Amino acid sequence: MMPNGMYSQGAQNGPMNVVVVEPYVYAALRNLIGKRVVLDTKRGSVSGIVRDAKPDHVVVQEHDSTFFVRIREIVWIMPEN
């Protein structure tokens, strides 16, 4: 245990890997695999078919282009009809 009461994993004073998972967004994206969506991100919109969803990113394909979008960058998701 460290002096401040926290537990340390790995090398002392070394880099720590921290991953923020948004479980509801991840679950929603998993349910949209194979469907067309529009994702609005901090850098603009991406539209296409959701091919895969992982806890930290989603894969969207539009024609011959494949986009890997970080979930933490998504502002909103809109399924297309």
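Started at the turn: a hairpin of two residues takes β1 into β2. Strands here are DSSP E runs of at least two residues, helices are H or I runs of at least four, and both are numbered from the N terminus.

Ground rules before going on. The model is predicted, so I kept in mind that local features need pLDDT of at least 70 and side-chain atom pairs pLDDT 80 or more, while totals for chains, interfaces and linings use all residues. Numbering runs from 1 along each chain as its sequence is written, and side-chain values use heavy atoms, with hydrogens and water left out.

Looked up who pairs with β1 (a pair needs at least two DSSP bridges between the strands). With β2, residues 44–53, I find six bridges in the antiparallel sense. In that pairing, D40 has S45 of β2 as its bridge partner. β1 is also joined to β5, residues 74–79, by five bridges, again antiparallel. There, V38 is bridged to M78 of β5.

Checked burial next (buried is under 20% relative accessible area, exposed over 50%, partly exposed in between; 1.4 Å probe, protein chains only). β1 covers residues 36–41, and five of its six residues are buried, so the rest of the structure largely encloses the strand. For the chain, 21% of the 81 residues are buried.

Then the overview. I get one helix and five strands, in the order α-β-β-β-β-β from the N terminus.

Last, contacts (heavy atoms within 4.5 Å). Of those with a separation of 6 or more, 39% link residues 24 or more positions apart. The chain's accessible surface is about 6,400 Å² (Shrake-Rupley, 1.4 Å probe), and carbon and sulfur atoms hold 52% of that surface.
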